[in-house]
Each structure stands twice: as C-alpha cells, then as structure tokens.
Amino acid sequence: MTRVTRSEGRYAGTTEGRHAVVVGGGLAGVTAALALADAGVRVTLLEGRPRLGGLAFSFQRGGLTVDNGQHVYLRCCTAYRWFLDRIGGADLAPLQNRLDVPVVDVRRPEGRRLGRLRRDPLPVPLHLSRSLATYPHLTLADRARAVRAALALQRLDPGDPALDTQDFGAWLTAHGQTPRAVEALWDLVGTATLNARAAEASLALAAMVFKTGLLSEPGAADIGWARVPLGELHDRLARKALEAAGVRTEVRTRVTSLSADGNGGWSVRVPGETVEADAVVLAVPQRETHDLLPAGALDAPERLLGIGTAPIVNVHVVYDRTVLTRPFLAALGTPVQWVFDRTEASGLTRGQYLALSQSVAYDDIDTPVAELRERYLPELHRLLPRTRDARVEDFFVTRERTATFAPAPGVGRLRPGARTRAPGLYLAGAWTATGWPATMESAVRSGVGAADAALHALGRPRPRHLFPIEEAA
C-alpha cells in the first residue's frame, strides 16, 4: 500500500500548511471543504460516488435531465442560501416574492377545490391571518383552533430536551386540532419538511419547523427551488467553487478506514493508498460514520445506529401537453402530496414533465413501477382534469430508501455534535445535532459547524464571510 504524506502525493495538492481530509461530497462535505479552504487549510475531498451532491443530484434519462427528487428550501434557510451564494448559484434557485401555496382538495366539487396558503406584508402572526381566515379546507372552528395552537407553539422552546420525548400529533390533539386540521394544515407542511406524519414526529423538531418557518419573520416561509437541474448546482458549480478554492476533489474514491497515526494526525485509507491529514471531517450517513469511527471517538457509537431513516419516492410523468398551469401545488384527499412542473429545468421542449414528491413513502418504496402507475395516474386525473385528455409519454420512479433520518421522538439525544472525543476528527451531515430536520439547510449548517471546530483546533481564523452559526451541544 502506498503512503501519501501530508505534503506529498496525488491527494496532497501543492499548498504548504495544514491538511484536512473531508470524507463525503454531499452538501455537508462540500460546505466543510470550502470553509476550511477559505481559511487557508489545504483540503482533500474524497467521494465514493462519481459525482458530488449526495442525495440531491441529477441524472440523464433519454433527452431529459432528471432530479432524483424535488428539493425546495425556504427564505429562513439562511445557511443554504449562503451556500448558493458561495458557489455562484443563487440566481438559479430563486425564492418566491411572497409565500403562495395552491392547495387542491379533490373531495370538493370542481370549481371549489382550490385554497391558498399565502402571506400578506404584515407583522407576525398577522401575515397569515387573512389566508387562514379564508382557507376553505378548514371549518371556521378549525381555523380558530389552529390560531390558538399556533400561538401555543410559538411559546415552545425547541431546544428543551423534554419536547424531544413527545410526539407532535399528541400535542396537536391536546391543543384541539381535529384530524381534518392535521391533514389540511399541520401535516401539509410538516410531512414535506420533516418526512414524517405528526404522530411520528418529535415535538421539538416540529416546533422548530413551524416556529422558524411560519412564526419568526413574515417572509420566512417563502419557497425557493432550483430552476435548473440539481446537478448544475450541487455538482458542477460546487466542483467549480472547490477548484477555485484550491480543494483537491476525488470522486469514485471510497474511504475504507481511518485511524490516528500516533503523531497527532490521521491516516485515511482508500484502495491502494493511505492519505495523511491533520484533521478529518466525516460527512457521510450515520451508519457509514459508525463503521468508520475509530474506537473511543464517541461515548456511545451505537446511538448512531438508533437514528432511523425514512424513505421518499418521486413519481415522474411526462405528458404530451400542458396539464398544470402553476409551478407547483399541494393536494388533499388523494395519495398525491406535492406536484411540481419540471419541464423547463429538465430540458423538455414539448409537452410537460411533472414530478410528484411523496414523503413518508413506506407504502410505495418497494411497489413495482407498474403498480405505482396504476395508482397515481388515476389520482392525477382526479387532481388535474387536463390530464384526462393527455397522453402519457413517459412514466418512471426514483426511490431514496434512506432519504432522511427519521425525526421520531427521542432522536435528539442520538444526534452527535461536530466534535468527537478523538482530537482532529469531526462529524458533519444533516443527521448531526444541528437542531434542524434532515434538510439541505441542516446539511450546510453541519458542514459549517465541523469546519469551525476543525479551524479552532488547527489554530486558523474563521473566514469572515463564513455563515455564522451557534455550535450545537
């Protein structure tokens, strides 16, 4: 086996000084690598896949560029917005001018199915008052109870460990929320952001989502999404930014083990070589992290295996004509959850390409494509009347079995912080203790947190432009 020193070899680069290795090229790893490089640290980024971007990526299917899943962010996702600025991609993933979510209930008569969740230019909580007062999918009594529950939610402290032991569904029931209100309001938002129904979600994480997204600032919940394929942002532009920062990026390079070298540094093994570093950031999923951690790095490494995962399925349908006139919509009374128009982003020049984003997809994750076609095309006929006369040009499915960590009650105590007990070894990933659910925002925050911890240990000043965060305990 070839040994590559901290200042020599294929992975070492040419800049003198401290060397850090980042294992994993998802958003967390790319963020950590950029932050370390911006502080003058020589960085090597190792990614086992042939691309960067982690679970937010694109691939080719015929003449289409397809995202593996629909990803959105909110104006309150300030770390991910910083990341987009850092890689030069902010203009390619703009935000709504003002929150506006069309919600269609297929159980209502045609012509009366559409409701909207949108904000007015008023202070919190008045910014949502008119929308809620006219929201047709709740009764008058449900709307009044929802306001009282929102005010009670605003008083909760998401950092209180006691909240993490409770489930959001029980809290909603205790605060007068009917099953209809949970479906049409709380789960409409929570399922997409938490990847869990209210009854299976930690109250702490749910409180964080609703307080930050809906009850912090008037524009906090304005929605942004990529108008280009995700690979353009998280792979091509990310690689360009890494290269400009002096980061050596190696894909198709899977780390097999890592160990302290006895001299205050680390040995990172890849097939055929050993890479030496002064610091290592592990930015891979929790189970892979568990397998790579050296003994003693965490007090209870088995806790990582206790962090469950939750699936997401995306159903992709290409029609021969336009069937949806809005960029997206949310649905009630049907298995369909959210529908997005991906026509322009995919490169389709004729017809329309829709992506159905299905969170908490335990029932669909192993279902054959033919059965999903039989299930979802009739539902789209109910939801979008124009599909009834349209021809389906293509139908396919993408599945992420471990799309997110499961935000179940008690997960908070299982999520580790950036620092480990092993000097020079740091953790990053959306599943670490960022205080956020498994989102792109959480991934970026974790990368910043790991870089901060490493820079402190390496005696390097923090780059002034780096996104400011408070380190999680």
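I searched the whole structure, a predicted model, for aromatic pairs and got 11.

**Entry: F168 and F210.** I looked up this pair and found it tilted, with 5.6 Å centre to centre and 35° between the planes. I then checked where the two residues sit: F168 is in helix α6 (residues 168-174) and F210 is in helix α8, 42 residues apart, so I noted the pair as a link between distant parts of the chain. I found both F168 and F210 buried.

**Entry: W225 and F328.** Here the ring centres are 5.4 Å apart and the planes stand at 80°, and because angles over 60 count as edge-to-face, I filed the pair under that heading. This pair also links distant parts of the chain, with W225 in strand β9 (residues 223-225) and F328 in strand β16 (residues 328-332), 103 residues apart. I found W225 buried, and F328 as well.

**Entry: charges over rings.** I noted R227 over the face of W225, at 3.7 Å from the ring centre. I also noted the charged end of R51 over the ring of F57, 3.6 Å from its centre.

**Entry: the aromatic cluster.** I listed F168, W171, W186 and F210 as one aromatic cluster.

**Entry: α7 and α8.** I looked up how helix α7 (residues 179-194) packs with helix α8 (residues 203-214): the angle is about 105° and the axes are 11 Å apart. Since 65 to 115 degrees counts as roughly perpendicular, I recorded α7 as roughly perpendicular to α8. From α7, the residues W186, V189, G190, T193 and L194 meet L205, A206, V209 and F210 of α8.

Conventions. Residues numbered from 1 in each chain as written. Predicted model: local features only at pLDDT ≥ 70, side-chain atom pairs only at ≥ 80, totals over all residues. Heavy atoms only, no water. Axes fitted to C-alpha atoms, helices over the stretch in contact; angles between N-to-C directions. Helix = DSSP H or I, 4+ residues; strand = E, 2+ residues; numbered from the N terminus. Parallel < 35°, antiparallel > 145°, perpendicular 65-115°, else oblique. Contact = heavy atoms within 4.5 Å. Phe/Tyr/Trp six-rings, centres within 6.5 Å; stacked < 30°, edge-to-face > 60°. Buried < 20%, exposed > 50% of the residue type's maximum accessible area, 1.4 Å probe, protein only. Lys NZ or Arg CZ within 6 Å of the ring centre and 35° of its normal.
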